[in-house]
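I want to keep a notebook on this structure, with one entry for each thing I look up. I begin with a pair of neighbouring strands and go on from there.

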Amino acid sequence: MSRSRTRYDGVVIAAPVTVPYVRYSEKDAHWFLARALGALLKTSGLKKEQIDGLGVSSFTLFPDTAVGLTQHLGFSPRWLDHLPFGGASGVIALRRAARAVQNGDADVVACVAGDTNHVDSFRQNLANFSRFARDAVYPLGSGGPNASFALLTAHYMQRFGAKAEDFGKLCVAQRDNALRNPLALFKKPLTLDEYLNAREISDPLKLFDCVMPCAGADGFLVLPEDHARQLDLPYARILGTIERHNAFPDDPIQDRGGWMLDRDDLYAQAALGPKDMDFFEAYDDYPVINALQMEGLDLCGYGEAPDFIRSNTFTIDGTLPFNTSGGQLSVGQAGAAGGFLGLVQALRQVTKQAGKTQIPDVKHGLVSGFGMINYDRGLCTGAAILGRA
Amino acid sequence: MTDTLKRPQKRNPVLPLRLPTLPPGARSRAAIQMSAAVAEGRFELQKCHDCGQLQYPPRDACTTCLSIKLEWTPVDGRGELISDTLLHHSNELYYRQRVPLRLGLVRLQENITVLAHLHGDCPQATAPVRVRAHLDKSGQAVLIALPATDTPNMADDRILREMTSDPKFRKVLVTDAKSATGQALCKALSDAGADMIWAGIAEPWKQTPGFDAITKLPNVTVVPLELTDNRSVQDLAASIGAKVDILINNAEFHRNTGIADRPGTETARAEMEINYLGLMRLAQSFGPAMRARAADGSVPSTAWVNILSIYALSSLPSQGTFAASKAAALSLSQTLRAEMRQAGIRVVNVFPGPIDDEWTQLVPPPKLAPAALAKAVVKALQDGVEDIYPGDIAQDLFNKWRQNAKALEREMWDQ
């Protein structure tokens with residue numbers, strides 16, 4: 001039995017920043033991360049020297065890690081974290097930074113995630129994504145996650161009776177939300193017909209089931225509450241967080257994720273339940289993973305996401321606003337920044353900085369992350385609950 | 001059901017030649033060990049010596065108990081296809097030319113989930129299948145799931161054929177086709193559906209029993225080929241080199257001598273001239289054109305076979321100069337393999353024990369019949385393996401060599 005988690009009292013998250021996404025860039029990851037850090041300084045009014053903690057997530061920073069970035073950008077942090085968790089990196093960056101600040105290991109931690117997208121960098125990243133991928137996935141032609149998620153989607157549909165229309169409904173709702181977000185790369189409405197009749201990618205996945213790789217960066221600050229107040233920064237409370245890796249290794253194929261092991265802790269830490277969540281920002285590189293997160297975080301039962309999808313609208317003005325920025329499927333996936341997108345949007349919602357995507361009367365928001373198809377399944381899961389200050 | 005492979009049409013010379021590309025070939029050291037087993041025709045997965053856990057993909061330690069004592073153990077490959085997809089898009093050039101292609105997750109009966117290519121005759125998930133390991137064009141192991149029971153024409157499957165070198169509809173050059181093994185190879189290739197067999201002969205005036213019947217086979221054409229003569233090899237390459245899909249180098253010069261029992265170097269030189277330099281001449285003349293045609297049409301150039309000898313691994317002192325020439329040829333074939341791999345052409349090395357022919361009259365049985373050798377070569381091409389050790393003696397010596405090469409050296413002293 002694990003010991004229960006203590007709270008993050010006195011520590012807050014603030015200053016959501018986004019370096020606008022672009023489909024391709026000739027710049028390097030360092031350029032995007034520098035801009036994200038610059039935006040954090042500008043937003044907060046902090047001086048560079050006042051940032052004494054850094055959390056960095058990036059796939060294309062190679063051959064550098066967070067270490068190289070400190071010299072590249074001239075930071076001398078006393079706390080440094082490199083976060084190779086892909087889609088779970090946002091939540092994990094937050095929870096680690098929060099403990100560091102809470103315990104005095106750092107005063108202000110800047111968390112940034114970003115990647116570039118050169119015309120050929122996506123292919124090269126895939127080829128060397130992990131040892132198992134290089135040995136046992138990439139050689140079979142499944143260049144990247146498309147085929148992996150196609151297999152998970154086909155299985156989920158067969159086992160739980162999900163229909164293409166169910167996944168389509170989520171994609172269409174997210175596009176609807178994205179039309180209010182000036183930072184989204186997709187600007188045109190998407191109809192269910194267009195979704196269903198799109199180009200085949202890897203049966204049963206079609207074009208609009210798959211995220212579009214792009215370049216960009218996101219970031220936020222973690223700092224003591226009184227410091228945020230001094231800086232006059234709108235902030236959100238960190239009510240609960242969880243992470244888990246390689247859960248359920250004996251499942252023949254992935255149709256549930258690590259959230260199921262930890263969600264009770266998450267809600268207990270926040271003293272809230274799934275019904276208290278005013279919105280949900282999930283990791284959506286492919287819609288089947290949305291279903292796994294809804295079930296994993298107890299918004300509905302195991303295998304019941306198809307019904308849950310049929311009984312909600314997911315739009316900003318509807319029931320259970322979902323991926324209110326448009327999510328990666330409509331904003332774009334800027335590499336590791338895809339793991340920050342939901343958290344940064346949740347922070348905007350809870351601090352009322354979400355512009356046209358703003359939901360009225362927000363008290364609590366749920367954020368989830370999922371990352372790293374190492375071989376046949378995603379290994380990293382995480383979730384956080386943010387609360388209005 | 002797989003469509004029967006049709007005899008390819010004559011190539012339209014106006015159309016651009018499709019250039020060879022390779023599937024991704026980078027592997028970890030552990031995965032390369034799996035490829036090595038597959039190259040020798042074995043499908044093996046890692047098993048923990050301490051706790052018995054079987055695992056895939058290959059690891060450096062046991063995923064259950066962290067033991068580093070891992071052993072490669074043969075697996076049956078039976079399992080259930082639990083999910084499948086038809087991939088329409090890939091970022092790799094090789095696969096862009098080959099989509100759509102089926103992939104699936106198979107739960108092996110040992111409770112391991114593996115990602116595999118799917119043979120076209122596999123039903124949709126969920127269904128029982130058999131997983132096999134094959135070398136792909138890059139020369140590394142990949143998994144492919146076959147239907148639970150054999151189906152008609154299953155060898156003609158498009159993806160399976162990428163991993164094999166079936167002689168069916170292929171044009172094959174056999175060197176020294178007059179010899180007992182050469183004749184047997186021509187016959188076996190003809191039986192296996194080869195489109196054309198060029199029977200290379202060095203001494204047209206020499207009457208060899210049985211060869212007349214071989215020349216009467218409908219798909220056999222006799223061509224002059226003297227491996228000791230650069231000009232002869234180049235002339236034949238100029239004439240047919242752009243059509244050869246499979247080259248089987250069967251020529252050998254074989255005498256029974258060591259160092260002390262025959263003065264001078266003439267015999268050794270003659271053995272090297274054919275067994276080593278003959279291979280070199282062939283490779284320089286025929287290799288480039290074969291590499292260029294490795295992705296051409298439905299039956300591209302595909303394989304190069306060297307008939308070596310089990311004594312290439314460990315010398316038989318009583319035939320020491322012969323063994324040395326075969327060892328030299330083995331070493332050269334490894335270079336050839338590395339070079340031909342760049343185009344996805346498989347180099348198959350055959351390591352027979354003593355063959356039942358005129359040069360092994362005094363060698364006691366069991367000896368390998370030429371027809372058995374030829375059958376093993378055709379099977380190696382059909383199965384897509386890289387090294388074979390046909391016959392009881394070859395198997396015995398190969399096993400001893402794998403266990404302890406130094407001990408085998410001593411065992412060979414008095415043979």
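**Entry 1: a sheet in chain B.** I looked up B:Ala199 and found that it stands opposite B:Val222 in E11(B). Five bridges join strand E10 (residues 196-201) of chain B to E11(B), and the two run parallel. I note that strands (E, at least two residues) and helices (H or I, at least four) are DSSP runs numbered from the N terminus, and that two strands pair if DSSP finds at least two bridges between them. The model is predicted, so I keep in mind that local features need pLDDT of at least 70 and side-chain atom pairs count only at pLDDT 80 or more, while totals for chains, interfaces and linings use all residues. Residues are numbered from 1 along each chain as its sequence is written, and chains are lettered from A and ligands numbered from 1 in the order in which they are written.

Which strands form the open sheet, and in what order? There are seven, in the order E11-E10-E9-E12-E13-E14-E15 (chain B), with parallel pairing. Strand E11 (220-224) and strand E15 (387-388) of chain B are the edge strands, each of which pairs on one side only.

Helix H6 (residues 230-240) of chain B packs on this sheet, where it touches strand E9 (171-174), E10 and E11 of chain B, and its direction makes about 140° with that of E11(B). For contact I use the rule that the C-beta atoms of two residues, placed from the backbone, lie within 7 Å. Axes are lines fitted to C-alpha atoms, for helices over the stretch in contact, and angles run from 0 to 180 degrees between N-to-C directions. Helix H8 (residues 320-341) of chain B lies across strand E13 (303-307) and strand E14 (346-350) of chain B, and it runs at about 160° to E14(B).

**Entry 2: chain B as a whole.** I find 11 helices and 15 strands in chain B. The radius of gyration of chain B is 22 Å, close to the 22 Å that the globule rule gives for 415 residues, so chain B is as compact as a globular protein of that length. This radius is taken over C-alpha atoms, and the rule is 2.2 Å times the number of residues to the power 0.38. The C-alpha atoms of chain B fill a box of roughly 65 × 60 × 30 Å along the principal axes.

Of the 415 residues in chain B, 46% are buried; a residue is buried if 20 or more other C-beta atoms lie within 10 Å of its own, exposed if 12 or fewer, and partly exposed in between.

An automatic or database domain assignment divides chain B into domain 1 (29-162) and domain 2 (171-411). The centres of these two domains of chain B, taken over C-alpha atoms, are separated by 31 Å, and eight residues of domain 1 of chain B are in contact with nine residues of domain 2 of chain B.

**Entry 3: the domains of chain A.** For chain A the assignment gives domain 1 (11-120 + 215-230) and domain 2 (145-209 + 235-388), with 23 Å between their centres. The contact takes 34 residues from domain 1 of chain A and 37 residues from domain 2 of chain A.

**Entry 4: two residues of chain A.** Is A:Ser57 buried or exposed? A:Ser57 is buried, because 33 other C-beta atoms lie within 10 Å. A:Ser57 is in strand E2 (residues 53-57) of chain A, and its contacts beyond four places in sequence include A:Leu83, A:Ser89 and A:Gly339. The C-alpha atoms of A:Ser57 and A:Asp218, 161 residues apart along the chain, are separated by 10.0 Å.

A:Arg388 lies in strand E11 (residues 378-388) of chain A and counts as partly exposed, because it has 18 C-beta neighbours inside 10 Å. Apart from neighbours within four places in sequence, A:Arg388 is in contact with A:Ala236, A:Val350, A:Val362 and A:Lys363.

**Entry 5: where the chains meet.** How many residues does the contact take from chain A and from chain B? The contact takes 31 residues from chain A and 31 residues from chain B. H6(A) gives the largest share of the side of chain A that touches chain B, with six residues.
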